[in-house]
Amino acid sequence: MDTKTKRNFFCKSGRLLALLFLSLIAVLTAHAQESRFVDPADDEKLLPYDGHVLTDRGDAQIVRFRNWDRFNPVREIRAGNYILALPKVEFDWSDFSYVVNGKEYTIEDYMVKNHTGGLLVIKNGQSLLERYAMGNDEQTLWISFSMSKSVTSMLLGAAIADGYIRSADDAVSDYLPRLRGSSYDDVRLRDLLHMASGIEWNEDYTDLESDVATYPSDRVIDIQRYLGTKPRVAPAGELFNYSTAETDLVGAIVRAAIGNNLATYLENKIWKPFGMEFDANWSTHGDEGERGGCCMNVTLRDYGRIGLFALNEGVLPDGSRMLPEGWMVQSSTPSSANPGYGYLWWLNNDDSYRAQGIFGQGIYVKPESELVIVVLSAWPVAAAGGSIYNEHRNAFYDAVEAILQ
């Protein structure tokens, strides 16, 4: 072998080894991401004091998700003395599997591949499955992201039941007069609940210059000013366009109507009387009101009880009604703008509906089956739908329902 041939051989071999090495690193990195475990005792030294919630990855993401109040102002939601029991019932999950793209997966697979830190299945008010990962346990608070929207929707219903709000057909500007004379003049509360205001908005989580990444979320007045400048792109009620800022408006409307903050209202209407087990908290707009579109921090079991409250149509264990009769039926009825969306709840093709967060948080409610499923995850990408992680979550829901029939 001459010198030139030897040089070419070693160059090609070197490139091949480098590619093999990089491939090995990629595999190990992917495996590490799928097997993440962060001891809560190490949270302090791992706290990501900078960065962005949409771009956090790995340990920094997990630590942020269970320490939200360390990064953001919050308002406390206190539990009471009464706790709604979730009796544990043994169920054999050994034959359980779900299928994605023709391949079968187990519960253990789901926990790993979907970066899941908490999993709960409640059937007929009984706990059939409760699992934790990533160093979490039954007392760990985990960020809700957009699951809070569904809770805000229920609080608006409670405000109607209490007479603070006349109906979902009221004008937005009746409660937020700062928006009079803007594109919101023709928008009703129902349009906001359906995500169909017709106002321009960009909710692209991958674009750090999008509205959702840049709008002034620290002050409610600034949010209203920002949205008040947005043009109308469709008649109110006709075009579905997902907008977190407009669910912040829903929160502001409820606060204006009741003359109180959302955390206290939630505490008095649902948290204590329904029997939540642990204190929780809700992120605020700086020193102002709670973020109606995001960021409650709740334990796995109490997310399950939120699902049970919805399943019970807002009726407390003592028989008292907190939501208007038929409110959850209205909430889970398809809108004319989107057959897959109700009053800030995502809808399936049957009677089931779900609260959903962009990093894999979910509360699945199936009234016909008396079933509630909760998943708390830390997906490495933000995606409300259309990702492989979302496919796994939906397939998991369907398989759980099927095995429990």
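Trainee: How many helices and strands are there in the protein chain?

Mentor: The protein chain has 13 helices and 12 strands, where helices (H or I, at least four residues) and strands (E, at least two) are DSSP runs numbered from the N terminus. This is a predicted model, in which local features need pLDDT of at least 70 and side-chain atom pairs count only at pLDDT 80 or more, while totals for chains, interfaces and linings use all residues. Residues are numbered from 1 along each chain as its sequence is written, and side-chain values use heavy atoms, with hydrogens and water left out.

Trainee: What percentage of the residues in the protein chain is buried?

Mentor: Buried means under 20% relative accessible area, exposed over 50%, and partly exposed in between (1.4 Å probe, protein chains only). Of the 405 residues in the protein chain, 55% are buried. Helix α3, which spans residues 58-66, is mostly covered, with seven of its nine residues buried; these are G58, Q61, I62, V63, R64, F65 and R66.

Trainee: Which residues form a disulfide?

Mentor: A disulfide is a pair of cysteine sulfur atoms within 2.5 Å, and a search of the whole structure finds one. C294 and C295 form this disulfide, with their sulfur atoms 2.0 Å apart, and both cysteines are buried. The torsion about the S-S bond of C294 and C295 is about 65 degrees, so the disulfide is right-handed.

Trainee: How should I read the salt bridges, and which residues meet K366 in one?

Mentor: Side chains of opposite charge can pair when their charged atoms come close. The rule used here asks for a side-chain nitrogen of Lys or Arg within 4 Å of a carboxyl oxygen of Asp or Glu, and by this rule the count comes to 25 salt bridges. K366 forms a salt bridge with D350, the closest N and O atoms being 3.0 Å apart. This pair links distant parts of the chain, since K366 is in strand β11 and D350 is in the loop between β9 and β10, 16 residues apart. K366 is buried, with a relative accessible area of 3%, whereas D350 is partly exposed at 37%.

The side chains of D351 and K366 also meet in a salt bridge, at 2.9 Å from N to O. D351 lies in the loop between β9 and β10 and K366 in strand β11, so the pair ties together parts that are 15 residues apart in sequence.

Trainee: Where does E401 lie?

Mentor: The side chains of K366 and E401 meet in a salt bridge at 3.4 Å, N to O. E401 lies in helix α13 (residues 388-403) and K366 in strand β11, so this pair ties together parts that are 35 residues apart in sequence.
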